[in-house]
Amino acid sequence: MKNESKKPIFRALMFCLLIAQTSVAQSGQQIQDKYMPNMPSSPSAASMFKFQEIGLNEYNGSASINLPLVDIPLFPLNLTYKATSGNRVADDATMVGLGWDINFGSIVQTVNDIDDFRALYDYQIGRYRKQRPDYQGFVYPGNAPYACPYVSYQNQLCYAPGSQYPLSTPSATVGNTVTYGYYGIANGALTEMYDMIAQEWYDSEPDIFTANFLGHSLVFTTDFLSAENVVNFKCLNRVGYRIEFGLTNPEQTSFVIIDPEETTYTFEAVENVKGYLNSQPTTNFTNVISSRTWKLTNITDIKGKTVTIDYSDINNVINAPAVSQTFCQTTISSQTYASGTRCQTFGNLTMENWGDNSVSYDANNYAPITATTKSTTYTSSTKQNVKLINSITWNEGKVNFHYSTRTDSPLLKKLDSIVVRDYNANRIKSVKFAYDYFTSATSNTLVTGHTANEAMYRLKLNSVNINNQLYTFSYNPQSLPKKNSFAIDFWGYFNGSVGNTSFAPNPNQFVGYADMVNQGNNLNANETFAKAYILEKITYPTKGYTSFKYELNEAVNLFFNQQVTAQARTKGNGLRIRKIQNYDSDGKLITSKLYEYFGGKTMLPLLVGKSTQYDAAAQHPDYAGYLYHTEVRELSAASYFNVSPIGVSNYIGYDRVRITQETDSDSGYIDKNYRNLPENVAYASGKKLNGNFTSPQTGFDNGSVMEENIYNGSNQLLKNTIFDYNNYLSVIDYGVKITPYGTYFSPSCSSNNGSLFRMIPRFLFSSYPIFSKQTLLKSSVQTEYFDGNPMVTTTNYIYNSNRDIASITTTNGVDSQKKEIAYSEVVSAIPVSTQYYKNNVLTATESCSYTVLGSLYLPEYISSAKPYAPTSSEQKTLALQYDYLGNVWQYQYENDMPTSIIWGYNKCLPIAKIENADYYQIAAALNIDPDGEGLDALNEGNLASINNLRNLLPKALVTTYTHIPLVGVSTVTDPKGDIFKYFYDSSGRLKFVKDKDDNIINENIYNYKP
């Protein structure tokens, strides 16, 4: 493992002034150490993967397990284990095994209603509209998001009081309503419902895009108020990002995202997902794209450093079907009207269930008084092209990915190795993956589109070998059943109930459904089986290891509160980390952390049952009127709550978590209190169709630490910290899902034969808000106790309009310290000056000015000073000059000697540092035209001439370097001409160092247990 800490830091120079938690200006030497080229010096011994690198998201009990694979500038590759909540029965393995992943960065489009890009390329839809239906004043949720007084005739305009719609700050509410009639409000005027809903001209829901790449997490959406056939984007949770979109044809689209630091991320490798024409797996697909994923293809930073990612296509990959089942009971009864009444005859009577085929009764026959039960299976699948990463290229080298076939998928591949080469194609590093397969146990299953091997096997990652450093993984031995097994709990995890005959819940477990047929299913969670095949141990090259202990999550709201019986169950929804323990190579326990959780809440309670009643009138041949009454009750393992496109995943969070270091009885414990609020839900009680939406809370982000208390081993409070936050809420937009609700039969029955009959269409409107937020620390109040005496320190943070820190103020009752930061007008995220105050008196300043070199934005002058000390060593101004690639080739403090740098190895590494000689003096000494290519033409092949500068420029201090690219410095020749040599083993670790006389002056021995 190469010594990353010794890299020249100017290669990654991005900002002039970094926000540090300090209140004093830096000295001249500190500025040089921080911003200037630290030339290669003696590398240190390689370090192993450390125990403490295994972190925990204490709020939800999930571990963060990351194994660094390849450190590529701008694009580090990490192997991540993401399944610490457990493996669901239906889970497929990625190309690196079940539960593991390598995240290369992507943007995912969730298509809502109509694809928002469709207007740009589908010319068959001449009346495509992006505007949503307006809310009428009498429709829940009242006057939000759009206010419109009642209007009674078509084309009457509709505006919010005092201004045109929409309202700028509607409340973030979710709601459901059934609308009756032929007309509805759209775009400020009454519009035919048929045009709005039945035709594909009208898109009532903007698509949602989520981008996750290299620490950036964005949610953005299309702007429905932009012009027709124009797609604009607005980022909901961050400011300062620019989003650009390119369209060649429906299957060739691209994104460019530019972050506040002016780093450009290009996403051109697109996976287009298409659905089946019907609910059963066939080879007949629609041509309509149901979602897209764009993968990262290029990164270019503000200094022009570029990384390019290349992919190949695997076409026509049919994904395993998603399957759900319902258990439904329908009861139909009839009731005779009073004698002498008559009702209009309207032919066949149709009794509809949710999504089932309608049952029709001829007008000449009575509808039966009966109760029938029915199980229904819903299957959906998709076809797509899969983008498989081939290589990553940057100016220092290239990474290639090698694959082979796998048993558990006929088309997909498994990643066998990653090979790193320098720019001369020399092999520098390799990462090898070793696999086996998890094999499923026998259980009742549903016949779906899985092949036998797909259902039976899951790719298992056994080990990773990084340059002969072996990491091995051990898993819980409990086997999983086949991927289409019925033996699941309510959340899809294995529960051992291999006798289940369907995915549907057992009715007798839920109030209001217990009289339905008991089919014997058990969907309760079971901790033993939920741990199936979960990662339990990582063994490091040193033979030390980390172990993980798990337990079931707990929450007070696993089920929606109308299901009283179900509320008694509090365990489920996957696993949480109970304990993380670290052992040395002799099996001795080194550290052990215990995690205890309190006040668990699931973000989205399960709603597994729904019921409704409705009536219809009909005419019987004997002219006696009948009112048919239908009652439908249904249970499904798939929750009837529809998660908003920007809603959270259904995890369990905790109000409070206690962390105890068990291996040190005197260390005490830490209590952390968190913001923890479930999603808002809209429950459409009694509605015939599914329309129950959720939306996030508008307050601080869940998981924000609200208070932290540290206790010693005697249970005495040592420190209390209370946190407060700024909550930046985006503009609230709305989506409206519109579903046909059947026909409303409105008979008018009387004794004078004045019967009238109307059939009015009905539509279910389910509204959900679309917004996001950013939570940033506003203040912390820390109270430390010394012999019972409290000392309070308060820190306040102020942000500018770009949400960068503008000032930090810390007070402790005695002194007040403040740091104020100003930012560049060209690149908003780059600080250009910092001022330090003590008790409101200016004590120091730091500033930086920038220059533009082509497309590069680079620091030119860096200053640090204290007031009234203009000639002291406490004031320094540093000037920098660059080559055409943005590498520093000369820097100089005012009134001090210049330092020049010559670059080689494809202009990636310094080969010489020459103090007390400027660019032109060096060029003259080497007989190089300074106005031509100048020193830029030099490389490591010219080191003999460069070393001769010790003779040609006797007043200069010349230090030269050779390197093994992507490994480390090979030799350092000091100003006296003495050569120090550095040797590495096959894993790229420093073995020993020799002096000018070939004596070993430093040696590192890496001993591992066999």
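Here are a few friendly questions and answers about residues and ring pairs in this predicted model.

Q: Is Thr-960 buried or exposed?
A: Thr-960 sits in strand E53, which covers residues 957-964. Its relative accessibility is 2%. Buried means under 20%, so Thr-960 counts as buried.

Q: Which residue's side chain makes a polar contact with the side chain of Thr-960?
A: Beyond residues up to four places away in sequence, Thr-960 touches several residues, including Leu-943, Asn-947 and Thr-971. A polar contact needs N or O atoms within 3.5 Å. At 2.8 Å, the side-chain partner of Thr-960 is Asn-947.

Q: What is the separation of the C-alpha atoms of Ser-375 and Thr-326?
A: Ser-375 belongs to strand E20 (residues 370-380) and is exposed, with a relative accessible area of 51%. Not counting residues up to four places away in sequence, Ser-375 touches Thr-326 and Phe-327. Ser-375 and Thr-326 are 49 residues apart along the chain, yet their C-alpha atoms are separated by 5.5 Å.

Q: Over which residue's ring does the charged end of Lys-537 sit?
A: A charge over a ring must be within 6 Å of the ring centre. The charged end of Lys-537 is 4.2 Å from the centre of the ring of Tyr-545.

Notes
Residues are numbered from 1 along each chain as its sequence is written. This is a predicted model: local features need pLDDT of at least 70, side-chain atom pairs count only at pLDDT 80 or more; totals for chains, interfaces and linings use all residues. Side-chain values use heavy atoms; hydrogens and water are left out. Helices (H or I, at least four residues) and strands (E, at least two) are DSSP runs, numbered from the N terminus. Buried means under 20% relative accessible area, exposed over 50%, partly exposed in between (1.4 Å probe, protein chains only). A polar contact is a pair of N or O atoms within 3.5 Å; within protein, one must be able to donate a hydrogen and the other to accept it, and residues adjacent in sequence count only if both atoms are side-chain atoms. Contact means heavy atoms within 4.5 Å. A charge sits over a ring if NZ of Lys or CZ of Arg is within 6 Å of the ring centre and within 35 degrees of the ring normal.
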